[in-house]
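User: I would like to go through this model and ask, for each label, what it rests on.

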Amino acid sequence: MRIVIAGGHGQIALRLERLLSARGDEVAGIIRNAEQGDDLRDAGAEPVVLDLESASVEEVAAQLRDADAAVFAAGAGPGSGAARKDTVDRDAAVLFADAAVRAGVRRFVVVSSMGADPAHQGDDVFDVYQRAKGAADAYVTGLDALDWTILRPGALTNERGNGLVRLEAHTGRGSVPRADVAAVLAELVESQATAGLTLELISGSVPVSVSVKSVAGN
């Protein structure tokens, strides 16, 4: 498969790129800073320098043509203000989805957030983030041209992944290592049977591959 990842230098994305390239997939990661290119190459991915806050739909679509799947893993980051939650976590996700439609890429996986809701209440930056992610999810799930899957991990940690998770429509609150999120994404990308599902993810007791097959109905 050829897979294009938005937010290619993110902590989850770099882990995902290593997993995908190791299994023989062709991976491209969209980054804003060219200096991050070597990190992507080390992970086995082709760096694509493109600013999703200023790029046009056609510019993004040009990078998605001939791809088999697209993964939105971009984020403004914990140190950013409320404005960039909207321009990255919401608007860039919408742009990437529109570009996938224009490029004819049906398989589309979003790294969202547990509790994401366009009607989320509150004025703190995290509240803005939850609304932005929720609005992006709502937009993506309304596009019939995409075979989308929305993944909503719990609190992210940098603990060593053990490949044991709980992946369900509703898991309840919990944490999950970024390594295990990446492992789930690697399975979801090639699991067409999970299209149309919004899934929550926390650490659990079920191996990743078994969890994905279970939600896919296999």
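User: What makes Phe72 and Phe96 buried or exposed?

Analyst: Both Phe72 and Phe96 are buried, a label given to residues under 20% relative accessible area, while exposed means over 50% and partly exposed lies in between (1.4 Å probe, protein chains only). Phe108 is buried as well, as is Phe96. This is a predicted model, in which local features need pLDDT of at least 70 and side-chain atom pairs count only at pLDDT 80 or more, whereas totals for chains, interfaces and linings use all residues. Residues are numbered from 1 along each chain as its sequence is written, and side-chain values use heavy atoms, with hydrogens and water left out.

User: Why is the pair of Phe96 and Phe108 called tilted?

Analyst: Rings of Phe, Tyr and Trp (its six-membered ring) pair if their centres lie within 6.5 Å, and planes under 30 degrees apart count as stacked, over 60 as edge-to-face and the rest as tilted. The ring centres of Phe96 and Phe108 are 5.7 Å apart and their planes stand at 45°, so this pair is tilted. The pair links distant parts of the chain, since Phe96 belongs to helix α4 and Phe108 to strand β5 (residues 107-111), 12 residues apart. Helices (H or I, at least four residues) and strands (E, at least two) are DSSP runs, numbered from the N terminus. Ring pairs join Phe72, Phe96 and Phe108 into a cluster.

User: Why does Val71 count as buried, and which residues is Val71 in contact with?

Analyst: Val71, which lies in strand β4, has a relative accessibility of 0% and therefore counts as buried. Contact means heavy atoms within 4.5 Å, and, leaving aside neighbours within four places in sequence, the contacts of Val71 include Ile3, Val4, Phe96, Val109 and Val189. Val71 and Arg107 are 36 residues apart in sequence and 8.5 Å apart in space, C-alpha to C-alpha.

User: Why is Arg2 called buried, and what makes a polar contact with its side chain?

Analyst: Arg2, found in strand β1 (residues 2-6), has a relative accessible area of 14%, and is therefore buried. Its side chain makes a polar contact with the side chain of Glu26 at 2.8 Å. A polar contact is a pair of N or O atoms within 3.5 Å, where, within protein, one must be able to donate a hydrogen and the other to accept it, and residues adjacent in sequence count only if both atoms are side-chain atoms.

User: Why is Asp66 called exposed, and where does Asp66 lie?

Analyst: Asp66 has a relative accessible area of 70% and is therefore exposed. Asp66 lies in the loop between α3 (57-64) and β4, and its phi is near 75°, a positive value in a residue other than glycine.

User: How do you know that α6 is mostly covered, and what span is expected of this helix?

Analyst: In α6, 9 of the 12 residues are buried, which makes the helix mostly covered; among them are Arg178, Asp180, Val184 and Leu188. Helix α6 (residues 178-189) reaches 16 Å from its first C-alpha to its last, close to the 16 Å expected at 1.5 Å a residue, the expected span being 1.5 Å times one less than the number of residues.
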